[in-house]
Amino acid sequence: MAKLLLKLQRYFRRRPVRFFTLLALYLAAGSLVFLHSGFSGEPTVPGSPRSPAAAEGPRLPYLGVMQLGRGFKAAATMPGGTRRHGPWFKSTSKEPSERGKSRENGGPRSRALRGRSGREKEEDRARYVGCYEDDTRRRTLRGMSFFDYKKMTVFRCQDNCAERGYLYAGLEFGAECYCGHKIQASNASESECNMECKGERSNTCGGINRLSIYRLELAQESARRYGSAIFRGCFRRPENISIALPASQLMLNMSVDKCVDFCTEKEFPLAALAGTTCRCGFPSTLFPLHEREDEQLCAHKCAAEEFESCGSAEFLLVYQTQVQDNRCMDRRFLPSRAKQLVALASFPGAGNTWARHLIELATGFYTGSYYFDGSLYNKGFKGERDHWRSGRTICIKTHESGQKEIESFDSAILLIRNPYKALMAEFNRKYGGHIGFAAHAHWKGKEWPEFVANYAPWWATHTLDWLRYGKKVLVVHFEDLKRDLFVQLQRMVALLGVPACEDRLLCVEGQKDGNFKRSGLRKLEYDPYTPEMRKAISGYIRTVDAALKLRNLSGVPEDYFPR
């Protein structure tokens, strides 16, 4: 070792330039590491241990509305970054580093949610229908089926049926899963569905010749896929069909794939099967896709595919192709400086980024931000880099809840989401990035309880502060936006003062998910909320509900309250 050091010393004595070059590189690397650590900071949240109001957090649910509003010093910074008064150079998003971890430790990918209690709780993507009779010679659900006598769970059955585009998932004998588009049997007594699932004893998986059936609500969210196409539903034939769906082709050997391929080749986003005729077009005022019909009206077999439906001359089965509807994809900055600043305010995890995507498509103008997030800028939110007071963007994203910050805006769209879902979404963003997921270790470790203790009170104070200090506030519930996007988006665009083009809004419906809506393909298979957490959050919900009603607004949606 001594000989090696001696050789190095002699080497650098002969070549001092190389020595000083290496020394300079070493010092530069150290400086970069130091600067990087300076940009990485934990969010300051009202009610956190570093906040003056931390001690008052646990008592908030039981205080009056105005007391609750004063219980926190409303000067929170944006989660994941500092307050921005100019375009900084770096985003503090944890997306690249944490997303890989979430993939390594995550659970199965799924489109269907597993209920906390499959027979009692209605979830976003699966709703318990009831216990039904079954017959081995004539099945109640006549689609795909599979068995697993060791690891069958409600979640797994829903997942497999949903991925194949079925409307219903049924479990039988504790280990058998059946899928189908129609329930073809009578109800049975709930007591007859009495067998535990082989993979989870906390849930029921039917009984002997008895099915526990769930309706997969994702079918109502246009998420059923057939190959590359997305199922939109069964619709009555529109008037002036040749104008509403201008391209058509007679296909004696009709199938879903053939019609979708034809419309894709013709560069139309909609493929409509009308018996032996395939029609193509765009969503429009003539054919808005808002009034679904019973799918049984379209249940006419395809000539080329025995197990597919091809609709009829009067009732069309509609699919969305992979062709992008470009009628709403152009975006630009405002041509002249805005006279008023409009906030798009929400608690973190309430869908603000998704709402920005919808607003940009609906108006054709970029949205801005009170902060700067490089990952959002790089993915197309070009208004992210502008100073929030620049006046070049249609509205400004903010999570702020202090009086001074709120009074900086002339009006606001206040987006409110179920706190149970919002907290989980923000936790996923914090540890997995904008569209990633927190790792299993984070949910099971100390991070989740600490997060709920700090952020749950903020969910309430955020809404209360905006209702109290906001000058002109339009309240939009995230759940209403998902359920009735067209109507809610009309309300939002009206507040922004932009003429609402109906065809453009219909285009938005077809492009609604964008790149910043979490896919929903991976969900927790257990309820992360303890009884103590639920008790506290229920108190916050009641307080916000009362505050909304005091202002003659509709209260929070019913599904905010646990069943």
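**Exercise 1.** Determine how far helix H11 is enclosed by the rest of the structure.

*Solution.* Twelve of the 14 residues of H11 are buried, so this helix is largely enclosed by the rest of the structure; buried means under 20% relative accessible area, exposed over 50% and partly exposed in between, with a 1.4 Å probe and protein chains only. Helices (H or I, at least four residues) and strands (E, at least two) are DSSP runs, numbered from the N terminus. The model is predicted, and local features need pLDDT of at least 70, side-chain atom pairs count only at pLDDT 80 or more, while totals for chains, interfaces and linings use all residues. Residues are numbered from 1 along each chain as its sequence is written, and side-chain values use heavy atoms, with hydrogens and water left out. Among the buried residues of H11 are Pro419, Tyr420, Phe427 and Gly432.

**Exercise 2.** Find which residues of helix H7 are buried, and then examine glutamate 267, which comes just after H7.

*Solution.* In H7, residues 256-265, the buried residues are Val256, Cys259, Val260, Phe262 and Cys263. Seen down the axis of H7, these buried residues fall within an arc of 160°, so they line one face of the helix; the arc is that of the directions from the helix axis to the C-beta atoms. Glutamate 267 lies in the loop between H7 and strand E11 (270-274), and its phi is near 65°, a positive value in a residue other than glycine. Glutamate 267 is exposed, with a relative accessible area of 59%.

**Exercise 3.** Describe how helix H8 (residues 352-363) and helix H16 (residues 502-510) meet.

*Solution.* The axes of H8 and H16 come within 8 Å and cross at roughly 145°, where axes are lines fitted to C-alpha atoms, for helices over the stretch in contact, and angles run from 0 to 180 degrees between N-to-C directions. Taking contact as heavy atoms within 4.5 Å, Leu358, Glu360, Leu361, Ala362 and Thr363 in H8 meet Arg504, Leu505 and Val508 in H16. These residues divide into five nonpolar, one polar and two charged, where Ala, Val, Leu, Ile, Met, Phe, Trp, Tyr, Cys and Pro count as nonpolar, Asp, Glu, Lys and Arg as charged, and the others, Gly among them, as polar.
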